[in-house]
Amino acid sequence: MKKEKTFIAIAGAVIGLMAVLLVKFGNPANMGLCIACFLRDTAGALKLHSAPVVQYMRPEIIGLVLGSAVMAFSKKELIARAGSNPLVRFVLGFFVMVGALMFLGCPLRMMLRIAGGDLNAVVGLVGFVAGILAGIFALNKGFSLNRSYKVSLGEAAVFPVIQIVFLVLLAAIPSVLAFSTEGPGSMHAPIIMSLAVGLIAGALAQRTRFCTVAGIRDSIMFKDFTMLIGFVCLIAVAAIANTAFGFFHVGFEGQPIAHNDGLWNFLGLALVGFCSVLLGGCPLRQLILSGEGNIDSVITVIGMVAGAAFCHNFGLASSGEGPTANGQIAVIIGFVVAIVIAAVNISSNSKKGA
(Lines give C-alpha, C1' and ligand atoms only; values in the text may rest on other atoms or scores of the structure.)
Protein backbone atom coordinates (compact mmCIF):
# COMPACT_ATOMS: atom_id res chain seq x y z
CA MET A 1 0.00 0.00 0.00
CA LYS A 2 2.82 2.41 0.89
CA LYS A 3 4.53 1.68 -2.43
CA GLU A 4 1.27 2.32 -4.27
CA LYS A 5 0.78 5.67 -2.51
CA THR A 6 4.34 6.68 -3.35
CA PHE A 7 3.87 5.79 -7.02
CA ILE A 8 0.60 7.73 -7.23
CA ALA A 9 2.23 10.73 -5.52
CA ILE A 10 5.08 10.65 -8.03
CA ALA A 11 2.65 10.30 -10.94
CA GLY A 12 0.64 13.30 -9.78
CA ALA A 13 3.79 15.36 -9.25
CA VAL A 14 5.20 14.49 -12.68
CA ILE A 15 1.93 15.24 -14.48
CA GLY A 16 1.63 18.57 -12.64
CA LEU A 17 5.19 19.57 -13.52
CA MET A 18 4.84 18.54 -17.17
CA ALA A 19 1.59 20.49 -17.49
CA VAL A 20 3.29 23.70 -16.34
CA LEU A 21 6.24 23.06 -18.65
CA LEU A 22 3.80 22.83 -21.56
CA VAL A 23 2.54 26.30 -20.62
CA LYS A 24 6.14 27.55 -20.44
CA PHE A 25 6.71 26.31 -23.98
CA GLY A 26 3.52 27.59 -25.57
CA ASN A 27 0.27 26.07 -24.27
CA PRO A 28 -2.38 28.50 -22.94
CA ALA A 29 -1.95 29.71 -19.35
CA ASN A 30 -3.32 27.32 -16.70
CA MET A 31 -4.06 24.91 -19.55
CA GLY A 32 -1.02 22.73 -19.83
CA LEU A 33 -3.28 19.68 -19.89
CA CYS A 34 -7.07 19.81 -20.18
CA ILE A 35 -9.00 16.88 -21.58
CA ALA A 36 -12.16 18.88 -22.29
CA CYS A 37 -10.37 21.83 -23.87
CA PHE A 38 -8.08 19.64 -25.95
CA LEU A 39 -10.91 17.40 -27.20
CA ARG A 40 -12.75 20.60 -28.13
CA ASP A 41 -9.70 21.88 -30.01
CA THR A 42 -9.33 18.54 -31.78
CA ALA A 43 -13.01 18.64 -32.77
CA GLY A 44 -12.32 22.07 -34.25
CA ALA A 45 -9.27 20.81 -36.13
CA LEU A 46 -11.49 18.12 -37.66
CA LYS A 47 -13.96 20.89 -38.63
CA LEU A 48 -16.73 19.49 -36.44
CA HIS A 49 -17.30 23.04 -35.21
CA SER A 50 -16.42 26.38 -36.74
CA ALA A 51 -15.26 28.41 -33.73
CA PRO A 52 -12.04 29.87 -35.20
CA VAL A 53 -10.19 30.37 -31.89
CA VAL A 54 -10.31 26.75 -30.68
CA GLN A 55 -9.07 24.61 -33.57
CA TYR A 56 -5.90 22.56 -33.18
CA MET A 57 -5.13 18.83 -33.29
CA ARG A 58 -3.74 18.46 -29.78
CA PRO A 59 -0.83 15.95 -29.66
CA GLU A 60 -1.36 15.58 -25.90
CA ILE A 61 -4.64 13.71 -26.52
CA ILE A 62 -2.93 11.44 -29.04
CA GLY A 63 -0.12 10.77 -26.59
CA LEU A 64 -2.43 10.03 -23.67
CA VAL A 65 -4.23 7.32 -25.64
CA LEU A 66 -1.07 5.81 -27.12
CA GLY A 67 0.81 5.96 -23.80
CA SER A 68 -2.04 4.14 -22.11
CA ALA A 69 -2.22 1.57 -24.92
CA VAL A 70 1.52 0.83 -24.82
CA MET A 71 1.57 0.51 -21.03
CA ALA A 72 -1.54 -1.68 -21.03
CA PHE A 73 -0.05 -3.91 -23.74
CA SER A 74 3.25 -4.25 -21.85
CA LYS A 75 1.38 -5.26 -18.68
CA LYS A 76 -0.98 -7.60 -20.54
CA GLU A 77 -3.93 -5.34 -19.64
CA LEU A 78 -4.93 -4.47 -23.19
CA ILE A 79 -8.34 -6.17 -23.23
CA ALA A 80 -11.12 -5.28 -25.66
CA ARG A 81 -14.45 -5.04 -23.87
CA ALA A 82 -17.77 -3.42 -24.66
CA GLY A 83 -21.53 -3.61 -24.15
CA SER A 84 -22.05 -1.57 -20.97
CA ASN A 85 -24.87 0.83 -21.85
CA PRO A 86 -23.02 2.53 -24.72
CA LEU A 87 -25.79 4.99 -25.59
CA VAL A 88 -26.19 6.07 -21.95
CA ARG A 89 -22.42 6.56 -21.79
CA PHE A 90 -22.52 8.68 -24.96
CA VAL A 91 -25.21 10.92 -23.46
CA LEU A 92 -23.42 11.27 -20.12
CA GLY A 93 -20.15 12.02 -21.94
CA PHE A 94 -21.99 14.69 -23.96
CA PHE A 95 -23.17 16.42 -20.77
CA VAL A 96 -19.76 16.07 -19.11
CA MET A 97 -18.53 18.32 -21.91
CA VAL A 98 -21.46 20.72 -21.49
CA GLY A 99 -20.55 21.14 -17.83
CA ALA A 100 -16.82 21.39 -18.52
CA LEU A 101 -17.25 24.09 -21.15
CA MET A 102 -19.53 26.00 -18.78
CA PHE A 103 -16.65 26.04 -16.26
CA LEU A 104 -14.03 26.31 -19.04
CA GLY A 105 -12.08 23.21 -18.18
CA CYS A 106 -12.23 19.60 -17.06
CA PRO A 107 -11.36 18.50 -13.48
CA LEU A 108 -7.70 18.25 -14.50
CA ARG A 109 -7.69 21.88 -15.62
CA MET A 110 -9.54 22.81 -12.45
CA MET A 111 -6.55 21.46 -10.52
CA LEU A 112 -4.11 23.34 -12.73
CA ARG A 113 -6.13 26.55 -12.39
CA ILE A 114 -6.03 26.22 -8.60
CA ALA A 115 -2.28 25.69 -8.88
CA GLY A 116 -2.08 28.93 -10.84
CA GLY A 117 -3.94 30.90 -8.16
CA ASP A 118 -7.34 31.03 -9.89
CA LEU A 119 -9.86 31.21 -7.04
CA ASN A 120 -12.74 30.66 -9.48
CA ALA A 121 -11.44 27.10 -9.75
CA VAL A 122 -11.79 26.68 -5.98
CA VAL A 123 -15.49 27.46 -6.42
CA GLY A 124 -15.50 24.89 -9.22
CA LEU A 125 -13.86 22.34 -6.89
CA VAL A 126 -16.68 22.81 -4.37
CA GLY A 127 -19.19 22.16 -7.17
CA PHE A 128 -17.18 19.14 -8.33
CA VAL A 129 -17.31 17.64 -4.83
CA ALA A 130 -21.06 18.35 -4.65
CA GLY A 131 -21.58 16.55 -7.96
CA ILE A 132 -19.53 13.59 -6.75
CA LEU A 133 -21.63 13.45 -3.58
CA ALA A 134 -24.77 13.30 -5.75
CA GLY A 135 -23.19 10.48 -7.74
CA ILE A 136 -22.27 8.61 -4.56
CA PHE A 137 -25.88 8.92 -3.42
CA ALA A 138 -26.95 7.27 -6.68
CA LEU A 139 -24.37 4.51 -6.26
CA ASN A 140 -25.55 3.82 -2.72
CA LYS A 141 -29.11 3.57 -3.99
CA GLY A 142 -28.07 0.88 -6.45
CA PHE A 143 -26.97 2.69 -9.62
CA SER A 144 -24.79 0.49 -11.80
CA LEU A 145 -24.25 0.33 -15.53
CA ASN A 146 -24.36 -3.12 -17.07
CA ARG A 147 -21.20 -5.18 -17.15
CA SER A 148 -19.06 -5.15 -20.26
CA TYR A 149 -18.06 -8.22 -22.24
CA LYS A 150 -14.89 -9.26 -24.00
CA VAL A 151 -14.91 -8.61 -27.73
CA SER A 152 -12.42 -9.13 -30.53
CA LEU A 153 -8.93 -7.99 -29.55
CA GLY A 154 -8.73 -6.14 -32.85
CA GLU A 155 -11.30 -3.69 -31.54
CA ALA A 156 -8.90 -2.63 -28.80
CA ALA A 157 -6.52 -1.36 -31.49
CA VAL A 158 -9.04 0.76 -33.38
CA PHE A 159 -8.97 3.88 -31.20
CA PRO A 160 -5.16 3.96 -30.83
CA VAL A 161 -4.84 3.50 -34.61
CA ILE A 162 -7.18 6.45 -35.14
CA GLN A 163 -4.83 8.53 -32.94
CA ILE A 164 -1.88 7.47 -35.10
CA VAL A 165 -3.81 8.61 -38.19
CA PHE A 166 -4.46 11.96 -36.48
CA LEU A 167 -0.74 12.28 -35.72
CA VAL A 168 0.15 11.58 -39.35
CA LEU A 169 -2.34 14.21 -40.49
CA LEU A 170 -0.91 16.76 -38.06
CA ALA A 171 2.73 16.06 -38.91
CA ALA A 172 2.54 15.29 -42.63
CA ILE A 173 -0.76 16.54 -44.09
CA PRO A 174 -1.75 19.54 -41.95
CA SER A 175 -3.56 21.18 -44.86
CA VAL A 176 -6.58 18.92 -44.29
CA LEU A 177 -7.01 20.22 -40.75
CA ALA A 178 -8.25 23.55 -39.40
CA PHE A 179 -5.84 25.65 -37.31
CA SER A 180 -6.58 28.69 -35.18
CA THR A 181 -4.55 31.79 -35.95
CA GLU A 182 -5.57 33.50 -32.71
CA GLY A 183 -7.02 32.58 -29.32
CA PRO A 184 -6.30 29.44 -27.25
CA GLY A 185 -6.19 27.17 -30.29
CA SER A 186 -3.25 29.09 -31.71
CA MET A 187 -1.23 28.61 -28.51
CA HIS A 188 0.63 25.34 -28.26
CA ALA A 189 3.94 23.81 -27.28
CA PRO A 190 6.07 22.06 -29.95
CA ILE A 191 4.43 18.93 -31.34
CA ILE A 192 7.19 16.56 -30.20
CA MET A 193 7.13 17.93 -26.65
CA SER A 194 3.33 17.80 -26.45
CA LEU A 195 3.29 14.24 -27.75
CA ALA A 196 6.04 13.15 -25.33
CA VAL A 197 4.19 14.64 -22.35
CA GLY A 198 1.00 12.89 -23.46
CA LEU A 199 2.80 9.56 -23.79
CA ILE A 200 4.38 9.83 -20.33
CA ALA A 201 1.17 11.06 -18.67
CA GLY A 202 -0.86 8.35 -20.41
CA ALA A 203 1.49 5.61 -19.25
CA LEU A 204 1.55 6.94 -15.67
CA ALA A 205 -2.23 7.36 -15.54
CA GLN A 206 -2.76 3.85 -16.88
CA ARG A 207 -0.39 2.29 -14.41
CA THR A 208 -1.73 4.14 -11.36
CA ARG A 209 -5.43 4.24 -12.44
CA PHE A 210 -5.16 8.00 -11.87
CA CYS A 211 -8.61 9.61 -11.78
CA THR A 212 -9.65 13.01 -10.43
CA VAL A 213 -13.08 11.65 -9.47
CA ALA A 214 -11.76 8.53 -7.75
CA GLY A 215 -9.59 10.53 -5.36
CA ILE A 216 -12.62 12.27 -3.87
CA ARG A 217 -15.14 9.42 -4.33
CA ASP A 218 -12.97 6.79 -2.67
CA SER A 219 -12.09 9.12 0.20
CA ILE A 220 -15.76 9.61 0.98
CA MET A 221 -17.08 6.11 0.28
CA PHE A 222 -14.25 3.91 1.53
CA LYS A 223 -12.02 6.25 3.56
CA ASP A 224 -9.31 5.35 1.04
CA PHE A 225 -7.14 8.43 0.47
CA THR A 226 -4.64 6.75 -1.86
CA MET A 227 -5.78 8.41 -5.09
CA LEU A 228 -6.34 11.73 -3.32
CA ILE A 229 -2.60 11.84 -2.63
CA GLY A 230 -1.95 12.07 -6.37
CA PHE A 231 -4.59 14.80 -6.64
CA VAL A 232 -2.88 16.89 -3.94
CA CYS A 233 0.64 16.29 -5.25
CA LEU A 234 -0.35 17.38 -8.75
CA ILE A 235 -1.68 20.70 -7.45
CA ALA A 236 1.24 21.26 -5.10
CA VAL A 237 3.98 20.62 -7.66
CA ALA A 238 2.18 22.60 -10.35
CA ALA A 239 1.82 25.52 -7.89
CA ILE A 240 5.54 25.41 -7.11
CA ALA A 241 6.41 25.32 -10.82
CA ASN A 242 3.98 28.15 -11.58
CA THR A 243 5.60 30.24 -8.85
CA ALA A 244 9.07 29.51 -10.20
CA PHE A 245 8.07 30.61 -13.71
CA GLY A 246 6.12 33.64 -12.53
CA PHE A 247 2.74 32.20 -13.60
CA PHE A 248 1.16 32.16 -10.13
CA HIS A 249 -1.40 34.95 -9.62
CA VAL A 250 -4.00 34.71 -6.85
CA GLY A 251 -7.47 36.15 -7.39
CA PHE A 252 -10.85 35.92 -9.07
CA GLU A 253 -10.35 38.68 -11.63
CA GLY A 254 -8.26 38.59 -14.78
CA GLN A 255 -7.54 34.88 -14.72
CA PRO A 256 -6.59 33.38 -18.13
CA ILE A 257 -9.38 31.72 -20.10
CA ALA A 258 -11.78 31.83 -17.15
CA HIS A 259 -14.84 33.72 -15.94
CA ASN A 260 -15.80 34.67 -12.40
CA ASP A 261 -19.50 33.75 -12.35
CA GLY A 262 -19.38 31.63 -9.20
CA LEU A 263 -22.80 30.01 -9.57
CA TRP A 264 -22.13 28.63 -13.02
CA ASN A 265 -18.57 27.64 -12.23
CA PHE A 266 -20.07 25.64 -9.36
CA LEU A 267 -22.88 24.12 -11.42
CA GLY A 268 -20.69 23.37 -14.43
CA LEU A 269 -18.27 21.21 -12.47
CA ALA A 270 -21.09 19.78 -10.33
CA LEU A 271 -22.56 18.38 -13.56
CA VAL A 272 -19.15 17.03 -14.54
CA GLY A 273 -18.71 15.38 -11.14
CA PHE A 274 -22.18 13.84 -11.12
CA CYS A 275 -21.96 12.42 -14.64
CA SER A 276 -18.38 11.23 -14.12
CA VAL A 277 -19.32 9.19 -11.04
CA LEU A 278 -22.14 7.56 -13.02
CA LEU A 279 -19.64 6.82 -15.81
CA GLY A 280 -17.08 5.41 -13.38
CA GLY A 281 -14.32 7.92 -14.07
CA CYS A 282 -13.38 11.48 -15.01
CA PRO A 283 -12.62 12.63 -18.59
CA LEU A 284 -8.93 11.77 -18.17
CA ARG A 285 -9.81 8.28 -16.91
CA GLN A 286 -12.18 7.72 -19.83
CA LEU A 287 -9.40 8.59 -22.27
CA ILE A 288 -6.97 6.24 -20.54
CA LEU A 289 -9.52 3.41 -20.52
CA SER A 290 -10.06 4.02 -24.24
CA GLY A 291 -6.38 3.29 -24.81
CA GLU A 292 -6.70 0.06 -22.78
CA GLY A 293 -9.36 -1.30 -25.14
CA ASN A 294 -12.52 -0.25 -23.28
CA ILE A 295 -14.90 0.46 -26.18
CA ASP A 296 -17.53 1.84 -23.80
CA SER A 297 -15.05 4.54 -22.78
CA VAL A 298 -14.37 5.21 -26.47
CA ILE A 299 -18.10 5.85 -26.87
CA THR A 300 -17.95 8.18 -23.86
CA VAL A 301 -15.05 10.10 -25.44
CA ILE A 302 -16.97 10.33 -28.72
CA GLY A 303 -19.88 11.70 -26.69
CA MET A 304 -17.55 14.34 -25.25
CA VAL A 305 -16.30 15.28 -28.72
CA ALA A 306 -19.90 15.55 -29.94
CA GLY A 307 -20.69 17.67 -26.89
CA ALA A 308 -17.79 20.00 -27.65
CA ALA A 309 -18.89 20.45 -31.25
CA PHE A 310 -22.50 21.04 -30.19
CA CYS A 311 -21.47 23.56 -27.53
CA HIS A 312 -19.55 25.70 -30.01
CA ASN A 313 -21.97 25.31 -32.88
CA PHE A 314 -24.95 26.38 -30.74
CA GLY A 315 -23.42 28.92 -28.37
CA LEU A 316 -23.37 26.85 -25.19
CA ALA A 317 -19.70 27.29 -24.27
CA SER A 318 -18.67 30.01 -21.85
CA SER A 319 -15.97 32.58 -22.59
CA GLY A 320 -13.91 34.93 -20.49
CA GLU A 321 -16.95 37.22 -20.52
CA GLY A 322 -19.02 34.60 -18.71
CA PRO A 323 -21.60 31.90 -19.43
CA THR A 324 -24.18 32.14 -22.19
CA ALA A 325 -27.92 31.80 -21.68
CA ASN A 326 -27.92 28.75 -23.96
CA GLY A 327 -25.15 27.19 -21.89
CA GLN A 328 -27.05 27.77 -18.65
CA ILE A 329 -30.14 26.07 -20.09
CA ALA A 330 -27.99 23.17 -21.34
CA VAL A 331 -26.44 22.62 -17.89
CA ILE A 332 -29.90 22.47 -16.28
CA ILE A 333 -31.03 20.03 -18.98
CA GLY A 334 -27.89 18.00 -18.25
CA PHE A 335 -28.81 17.68 -14.58
CA VAL A 336 -32.35 16.62 -15.49
CA VAL A 337 -31.10 14.01 -17.97
CA ALA A 338 -28.49 12.63 -15.56
CA ILE A 339 -31.03 12.41 -12.72
CA VAL A 340 -33.52 10.62 -14.98
CA ILE A 341 -30.83 8.19 -16.13
CA ALA A 342 -29.86 7.50 -12.52
CA ALA A 343 -33.47 7.09 -11.35
CA VAL A 344 -34.44 4.74 -14.18
CA ASN A 345 -31.29 2.68 -13.69
CA ILE A 346 -31.81 2.41 -9.92
CA SER A 347 -35.44 1.41 -10.39
CA SER A 348 -34.52 -1.20 -13.00
CA ASN A 349 -31.75 -2.67 -10.87
CA SER A 350 -34.07 -2.75 -7.87
CA LYS A 351 -36.64 -4.76 -9.81
CA LYS A 352 -33.97 -7.18 -11.01
CA GLY A 353 -32.81 -7.64 -7.44
CA ALA A 354 -36.35 -8.26 -6.24
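Leaving aside its neighbours within four places in sequence, which residues is Met110 in contact with? This is a predicted model, and in it Met110 contacts Phe103, Ala121, Gly124, Leu125, Phe128, Phe231 and Leu269.

Met110 belongs to the largest nonpolar core, which has 88 residues. Within that core, Leu33 and Met110 touch the most other members. Helix H11, residues 262-279, supplies the largest share of this core, with eleven residues. There is also a second, separate core of eleven residues, including Ala45, Tyr56, Leu66 and Leu177. As background, nonpolar side chains tend to be buried together in soluble globular proteins.

Next, empty space. Rolling a probe the size of a water molecule over the atoms shows where such space is left. Here the count comes to one cavity of 30 Å³ or more. The largest cavity has a volume of about 50 Å³. Its lining consists of Ala19, Val20, Val23, Asn30, Met31, Gly32, Leu112 and Asn242. Five of the lining residues are nonpolar, three are polar and none is charged. Helix H1, residues 2-24, gives the largest share of that lining, three residues.

Gln206 sits in helix H8, which covers residues 191-208. Is Gln206 buried or exposed? Gln206 counts as buried, because its relative accessibility is 0%. Its side chain makes a polar contact with the side chain of Glu292, at 3.2 Å. Not counting residues up to four places away in sequence, Gln206 touches Ser68, Met71, Ala72, Glu77, Ile288 and Glu292.

Terms used: Residues numbered from 1 in each chain as written. Predicted model: local features only at pLDDT ≥ 70, side-chain atom pairs only at ≥ 80, totals over all residues. Heavy atoms only, no water. Helix = DSSP H or I, 4+ residues; strand = E, 2+ residues; numbered from the N terminus. Buried < 20%, exposed > 50% of the residue type's maximum accessible area, 1.4 Å probe, protein only. Polar contact = N/O pair within 3.5 Å; in protein donor to acceptor, adjacent residues only side chain to side chain. Contact = heavy atoms within 4.5 Å. 1 Å grid on protein atoms, 1.4 Å probe; cavity = no way out; pocket = protein on both sides within 12 Å on 5 of 7 lines; lining within 4 Å. Points joined across faces, edges and corners; volume = space filled by probe spheres on them. Nonpolar A, V, L, I, M, F, W, Y, C, P; charged D, E, K, R; others polar. Core = buried A, V, L, I, M, F, W, Y, C linked by side-chain atoms within 4.5 Å.
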